[in-house]
Amino acid sequence: MQYPESVASVEQTGMATVREYALIASRNRWIIVGAIALSLTLAWGYLLIATKYYQSNTLIVVEDRKGIDEVIKSDEDSEKHFEKRLFLIQKHITSEDFLGSIAKELSVQGNGSDEQGHVVGWGEIAYSTKVERAMIDPAGGKSSQNLVDGFVVSFLHEDPKTAMQVAARIADKFIEENNQEREKEIEGTGEFLDEELRTLKRELEKREESISQFKKAHLGDLPQQADTNFRALDRVEAEITNSTESLQRHSDKLDALHQAVQQYRTSGQQGFGPGITRSMEPDPLFRHLKELREKLVKLRAEFWDGYPEIIITKEEIRQTEEELTNLYGRDAIRPDKTPLDPYLQDLLKQQNEERTEIALLRQRLDQLRTTKRDLEKRLERSPSVEQELLVLERDYNNMKTNYAMLLDKRLHTRVEEHVDKQKKGGKYRIVDRAKLPDSPVIPNSARVLVVGFLFGCVLGAGMSVVRERLTPQFRGPEDIELLLAGPRLLAAIPDFSLLWRTGGDPGYFRNNALPRPSLGVTMRSHSEAEPNKQPLTARSNLHEIDRRFVAKMFPRSMAAEQYRVAAARLQLLNTTGAPMVAAVTSAIKGEGKTTTVINLGYTLSRDFGRRVLLLDCDFVFPELAAFLETPVKHGLVDCLRSDIPLQQAMSPFADVPCWVMPAGESVVNSTELLRAGQLDRVLSQLREEFDYILLNAPPILPVATMNVLESHCDLLLLVVRANLTAKQAVTQAIGSLRAHRPIHVVLNGVAGNSLPSYMVEYAVSESRVAV
């Protein structure tokens with residue numbers, strides 16, 4: 001039979017793949033732990049038996065000194081040439097001449113070994129000697145920030161004392177040879193610098209004198225004065241323009257005043273023109289002169305001419321007459337002369353002022369034109385003067401720079417000479433002397449253990465994968481569809497063991513019925529479904545209900561939803577609408593068939609209103625009795641052996657039309673009891689009362705009871721535990737059953753990462769809406 005819809009498999013995401021491998025590791029954790037333990041044991045054994053080598057290091061750095069080093073080898077001390085010098089140092093230290101003397105000093109023979117058998121020949125010393133660039137952090141790489149101007153000399157040997165002695169002697173000998181070479185370089189350097197300084201000083205004095213005389217001869221024409229000359233020339237030209245315009249204005253005004261005077265004297269008419277004022281009042285100086293003369297007459301009448309006030313009055317009269325004479329001429333102050341007309345007085349005064357102003361402007365223009373010609377000549381001479389000065393200053397500056405450089409080198413050379421004489425210091429210095437190593441570097445314990453641990457992890461992972469491939473198990477719904485061609489998947493129930501950790505979340509513990517559509521299925525019922533009774537009372541708390549009863553305790557969970565899917569599909573399989581007997585079994589014990597029976601039957605009653613009986617036919621391990629709300633004295637075994645009424649062996653649920661009939665007392669010959677024909681009688685009576693009868697059958701492989709029950713059933717439900725049941729066991733169970741009834745599979749305990757993504761997303765959305 002084809003389902004209207006089936007569980008579709010979707011491509012797993014990367015995170016789901018990681019979770020799948022995590023589950024594989026969890027199932028094979030003891031294999032992985034054993035592989036890691038074995039690898040660590042082998043690594044530890046290697047550390048115990050391997051030959052140990054000790055290494056002693058000496059750090060030598062380059063002294064940051066100037067003076068002689070800059071004079072002799074200024075380019076060789078730069079950072080870009082240090083690697084080249086380090087290569088030469090490595091070749092020098094590992095040479096036969098260098099290490100041969102050290103071998104003799106340490107009593108090491110070139111063709112044999114010493115008494116302790118430590119080192120043989122200088123070649124072995126060279127092989128065990130390393131010269132490397134010094135670093136701040138050895139693990140930081142060869143970046144410019146991590147490198148140091150220095151190198152590390154290391155020596156590797158089985159004896160830690162020998163390693164320390166050889167490393168220390170190599171460093172000391174290198175420093176001694178370097179100091180000897182340095183002393184040779186210092187000789188004669190000071191005299192050379194002194195002679196060069198004296199020569200340069202004489203040349204500098206000559207250059208300074210030449211530049212000074214040149215500047216004095218061309219004062220005003222120097223290049224640094226060009227900008228000042230340009231600004232002065234612009235200012236002079238502007239002043240010339242302003243003075244010319246002002247002179248023109250004053251000349252026009254003077255002509256207008258001259259015409260006005262002539263016109264007034266000939267015709268008596270007042271003229272008009274630019275700048276001509278029309279003041280009709282006499283000059284106040286005439287009135288003041290008249291008052292002074294009257295005052296003098298009065299004073300002479302009373303005092304003699306030597307009286308002080310008479311003298312002061314005469315002085316004032318003289319000054320006033322002088323001013324009037326300058327303005328209007330001498331005739332204007334004659335006592336017998338009629339005073340000038342005020343208008344004419346004003347015109348004559350303006351004429352005199354304009355003449356004075358014009359004379360001053362012409363004098364200023366002559367001065368400005370002279371200045372302009374002088375500035376233009378300076379600017380014309382400026383380029384040639386600048387060129388000559390540049391030549392003089394260039395030679396002078398080059399010589400001055402050389403002199404300053406030599407002077408600085410000479411100063412540092414004197415310091416170096418003093419330090420070398422006092423401390424015997426050289427170009428290189430030992431910062432960290434060789435020490436006695438306390439632990440071997442070969443073998444590296446941490447590295448060996450880490451490699452052993454990683455090898456153990458890889459080995460354990462490989463063994464786990466091989467084990468998974470050799471013993472395949474069902475992981476998800478797609479495995480049922482691909483590997484089991486005959487049986488069809490009824491539902492995939494997710495693992496709900498973690499629900500009890502979140503049981504306190506709102507929306508989980510809801511015992512009321514959840515109405516669900518019947519998917520268009522109309523089924524005949526022998527009796528009307530009884531109305532739901534009141535919900536489970538307060539006495540039935542979290543601890544009194546079996547944790548496998550997920551359809552009752554977590555009705556909003558994804559597992560409960562999949563049980564509803566299984567119940568709906570089970571109804572679709574019943575095309576006739578007659579009462580159906582379905583046997584729920586498994587290949588082996590512990591796959592969740594009892595959990596499937598109780599949740600599937602409860603869902604059929606609560607969500608679809610069917611009368612359901614859960615019949616426990618597993619006489620060896622009966623477990624349905626754990627779900628009884630009301631204990632009963634009898635069970636199925638009692639009904640098969642005697643004529644006990646079936647109602648006395650049933651116990652109903654308080655909230656749904658679902659009954660449970662336990663197995664009763666355990667019997668040994670359960671198969672013979674079922675073959676006696678009593679089971680047909682019991683099932684015939686039960687078919688008249690219930691719509692669905694779910695048989696909790698024993699597993700197929702351990703016992704033969706399922707072969708007897710198969711003939712009494714309308715449908716077989718095979719429960720398979722995901723990630724636990726081997727595929728071979730399921731295939732063997734189906735083959736041994738030889739069932740003539742359709743077999744449908746309920747995949748139980750499916751991991752979340754093995755479910756289709758749409759199923760998980762819908763379940764999460766539904767739980768949010770419920771909250």
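1. A nonpolar core is a set of buried Ala, Val, Leu, Ile, Met, Phe, Trp, Tyr and Cys residues joined through side-chain atoms within 4.5 Å. Here "buried" stands for under 20% relative accessible area, "exposed" for over 50%, and "partly exposed" for in between (1.4 Å probe, protein chains only). In the largest such core, which has 44 residues, Leu 615, Leu 686 and Leu 695 touch the most other members. A second, separate core holds 39 residues, including Phe 554 and Phe 627.

2. A word on the source: this is a predicted model, where local features need pLDDT of at least 70 and side-chain atom pairs count only at pLDDT 80 or more, while totals for chains, interfaces and linings use all residues. Residues are numbered from 1 along each chain as its sequence is written, and side-chain values use heavy atoms, with hydrogens and water left out.

3. Now for the overall picture. The protein has 23 helices and 12 strands; these are DSSP runs (helices H or I, at least four residues; strands E, at least two), numbered from the N terminus. Of its 771 residues, 42% are buried.

4. Which helices each supply at least two residues of the nonpolar patch? They are helix 2 (29-49) and helix 13 (445-470), and helix 13 gives the largest share, 3 residues. The patch lies on the surface and consists of Leu 38, Leu 42, Phe 455, Leu 459 and Met 463, with about 480 Å² of accessible area together. Patch residues have over 30% relative accessible area and no salt bridge, with like charges joined within 9 Å and nonpolar side chains (Val, Leu, Ile, Met, Phe, Trp, Tyr) within 5 Å. Areas come from the Shrake-Rupley method with a 1.4 Å probe; for residues, only the protein chains shown count as cover.

5. Next, look at the charged pairs. A salt bridge is a side-chain nitrogen of Lys or Arg within 4 Å of a carboxyl oxygen of Asp or Glu, and the count comes to 21 by this rule. In one of them, Asp 172 meets Arg 433 at 3.0 Å, N to O. Asp 172 lies in helix 7 (residues 160-186) and Arg 433 in the loop between strand 4 (428-432) and helix 13, so the pair ties together parts that are 261 residues apart in sequence. Arg 433 counts as exposed because its relative accessibility is 52%.

6. Finally, Glu 623 and Arg 548 form a salt bridge, with their closest N and O atoms 2.7 Å apart. This pair ties together parts that are 75 residues apart in sequence.
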